[in-house]
Structure formats: C-alpha cells, structure tokens
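I opened my notebook to record what I looked up in this structure.

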Amino acid sequence: MVLLTDRELMILKAIVQMYTNDGQPVGSKALVSQLPINVSSATIRNEMATLEGMGLLKKTHSSSGRVPSILGYRYYVDHLLKPDKVQSSDLRRIRASFNQQFQEIGDIVAKSADMLSQLTSYTAFTVKPELKDAKLEGFRLVPLGGHRVMAILVTDNGDVQNRTFTVPRNVDPEAIEAVIRIINDELVGLTLAEVFQKLKTSIPIQIGKYIETPEGFLDVFEDVLKKSATERFYVGGRLNLLDFSKQHDPGSIRSLYQLMNHSSDLADVLGSPDQNIRVQIGNEITNNLLKNYSLITATYDVDQHGKGVIAILGPTSMPYSRMIGLVGAFRTELARRLIDYYHDIDDI
C-alpha cells in the first residue's frame, strides 16, 4: 500500500471530491482555498506533482490542473471515503416508490431498478432473491379457448409464473385433470430442486398412464418451473449510459446494450458480493467492455427468503460518497419492502 503524509492525504481527498462534484481539473490555486491548512500554491503544486509521480493523479492535456487516476480513485475509496448521509428528500422518494400494491416479487424488484437509476442518474441493476429454498405451492391450467391453455405455477414465496400453450386435440380433458391432480398431490410442498428431481424419475411414469406422450406436457411444466427458479435481472436507466459513456463508437455502445440483455453475462459482471458494499473501478470489473466505468454492488437480505443484488454502473468520476450512501439506504428499504410483501403473503 502507498503510504501518504497527512497533507498528501488531505490533498488527494480534496481533489477527488472537487473533481467528482464539478468535473473540472483541479489546479493549485483552487485547491488552496478548499484546504483547512495555510500553505502556498507552490507547496500545493509540489505535493500534487508527488501524488502524480505515485500514479494517484494525472495531468490533463488541456489544463495545468490534475484529475484522479484509477489508482487514485481506488485509494480514495479504500482509505478516505465516508459514505454521505442520505438526504431526507431522497429517502422519501425511495419509500414513496415502494408504497404501492405489487402483484409479484418481480414487480417490486423491477420497480427498484427504475427508481435506483432515477436517484443516481446512472444505469441500475437489481436481481431477485435466490429461490433455492422456495417450495411449489400450486399448479393449475386455465382454459383459454381453441385448445389454448395457460399453465400457472405458484411458489410459497409469492412468485407466480405462467405460460400459454396449445393442447393436442386428441388429449382427453379428463386426462389433463388427472395430470394436474398428480402434480399437486406429488409435488406441492417440495422444494424446486426436489420437484426437478421427481420430474426426471417418478412423475413421467404416473402421467404416462393418462397421456401417451407425457414429455410434451412435462416440458411445458418444466419450462415454467425453470423460469421461476432462475435468477432474473432487471435493468433501469439504460439510456443514462449515453450521458456518461466515453464510448463514441456505435459498435461499442451496441455491445454494452447487448451485455445488459444477457443474464449470464450480467451474472458474471455482478458476481456474488457479500454483505458489504463493493466498489469496482475500471479494469477491476470482469468484463472488458466496462473498463472505463465504475460499478457499485451490494446484496440485500430478505431473511429466510434469500438474498438479492442491487448495483449501479456509472463513470469512474462518480461522486462515490453520495452513491455509496444511496446504495446503502436503498438496499435497506428494498429489503424492508420485500419482507413486508412476504408477511402479507403469509397472512393470506
């Protein structure tokens, strides 16, 4: 770790804060007026040159002022940063956005991505809590007419999934009813992992007594089940990316948007952070498309219902203290809203 004197620490902190607030390179004269110590501009210039030599600052080609380097941001975040207290107006906005009726868990998490992007003016990601311990609560088929039916699956944590498909004309409606009874009798109350196991072993044999080719029906059921069991990512503020992106090549922008549409790629980028808020800057982010950005991720804990992830993607020059404060407050409010939702489900 680079060891800095108290004055160097003070100067680096001030430069990061000034630059992330107004985006202008910081010169020695401007810095003198911001420091709580009485030193000359010449002394400040010497200290800034020393910090530049350490790789913590860099000089812009169009100004005599300095800006933080990636290493400088990293040092600031690790050793100098204190999260800002969230403004009461922001807290009211967060709570107001969650103070409405939601039909599904996914609706709450999707809303949170939009709200977090609006609060930060960056691109936001939210991930539903994992469903590894969720249990199947019910399954039914709703006729839609013309041999079209809707398969509806409900888990005990309030997640509802559905899929519409066509039933072959030669399938007896009574056979379908028998299949539904088998599924509800044999699978309801089991965890999703246990359900998947039975779908591969005993269930096809039982359903085969009523339907000649049970594989087609079970494929539909399994598809709905996988949709419920899979982590789902929500993205808010996609267009915000254009406001702070340094990429001007249309191909690069297109690649970034494609990244946001692939859950597996997003899963690699967001990773599995622990309870602490994590800040990744530049090349620390796993995907090379994001080497000019910073990513702040945090988990939120919904008691026995699991943990999810929230994240914001912005420029390396983001105001880290404010953003980390917002992310911390937001995950607390999101977890609280989801816990309330689960309690409401349990009371029904």
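**Entry 1: salt bridges**

Which residues are linked with Arg74 in a network of salt bridges? I found Asp78 and Glu284 joined with Arg74 in that network. I noted that the model is a predicted one. I then looked up the total, and the count of salt bridges comes to eight. I reminded myself of the general idea: side chains of opposite charge can pair when their charged atoms come close.

**Entry 2: Arg7 and Glu47**

Next I picked a pair. Arg7 and Glu47 form a salt bridge through their side chains, with N to O at 2.7 Å. I checked where the partners sit. Arg7 belongs to helix α1 (residues 6-22), and Glu47 belongs to helix α3 (residues 41-53). They are 40 residues apart, so I wrote that the pair links distant parts of the chain.

Are the two partners buried or exposed? Arg7 is partly exposed, at 32% relative accessibility. Glu47 is buried, because its relative accessible area of 10% is under the 20% cut-off.

**Entry 3: how α1 meets α3**

I stayed with these two helices. Their axes are 10 Å apart, and they pack at an angle of about 85 degrees. That makes α1 roughly perpendicular to α3. From α1, the contact takes in Arg7, Glu8, Ile11, Leu12 and Ile15. From α3, I listed Thr43, Ile44, Glu47, Met48, Thr50 and Leu51. I sorted the contact residues by type: six are nonpolar, two polar and three charged.

**Entry 4: Glu333 and its partners**

I looked up Glu333 next. Its side chain meets that of Arg95 in a salt bridge, with N to O at 3.2 Å. Glu333 lies in helix α14 (residues 320-347), while Arg95 lies in helix α5 (residues 88-98). The two are 238 residues apart, and again the pair links distant parts of the chain.

Glu333 also forms a salt bridge with Arg336, where the closest N and O atoms are 2.6 Å apart. How far apart are Arg336 and Glu333 in helix α14? They are three residues apart, which means a separation of about one helical turn.

Glu333 is buried, at 8% relative accessible area. Arg95 is partly exposed at 45%. Arg336 is partly exposed at 39%.

**Entry 5: the sheet**

I turned to the strands. Five of them form an open sheet, in the order β7-β3-β10-β9-β8, with antiparallel pairing. Which strands stand at the edges? They are β7 (233-236) and β8 (278-281). Each has a single partner strand, so one side of each is left without a neighbour in the sheet. On average, neighbouring strands are turned by 15 degrees against each other, direction ignored.

β8 pairs with strand β9 (residues 293-301) over four bridges, in the antiparallel sense. Arg278 stands opposite Thr297 in β9.

**Entry 6: helices on the sheet**

Last, I checked which helices meet these strands. Helix α6 (residues 105-120) lies across β3 (123-127), β7, β9 and β10 (307-315). It runs at about 30 degrees to β7. Helix α13 (residues 263-270) also packs on the sheet. I noted that α13 touches β3, β7, β8, β9 and β10. Its direction makes about 80 degrees with that of β7.

Note on methods:
Residues numbered from 1 in each chain as written. Predicted model: local features only at pLDDT ≥ 70, side-chain atom pairs only at ≥ 80, totals over all residues. Heavy atoms only, no water. Salt bridge = Lys/Arg side-chain N within 4 Å of Asp/Glu carboxyl O. Buried < 20%, exposed > 50% of the residue type's maximum accessible area, 1.4 Å probe, protein only. Pairing = 2+ DSSP bridges. Axes fitted to C-alpha atoms, helices over the stretch in contact; angles between N-to-C directions. Contact = heavy atoms within 4.5 Å. Parallel < 35°, antiparallel > 145°, perpendicular 65-115°, else oblique. Nonpolar A, V, L, I, M, F, W, Y, C, P; charged D, E, K, R; others polar.
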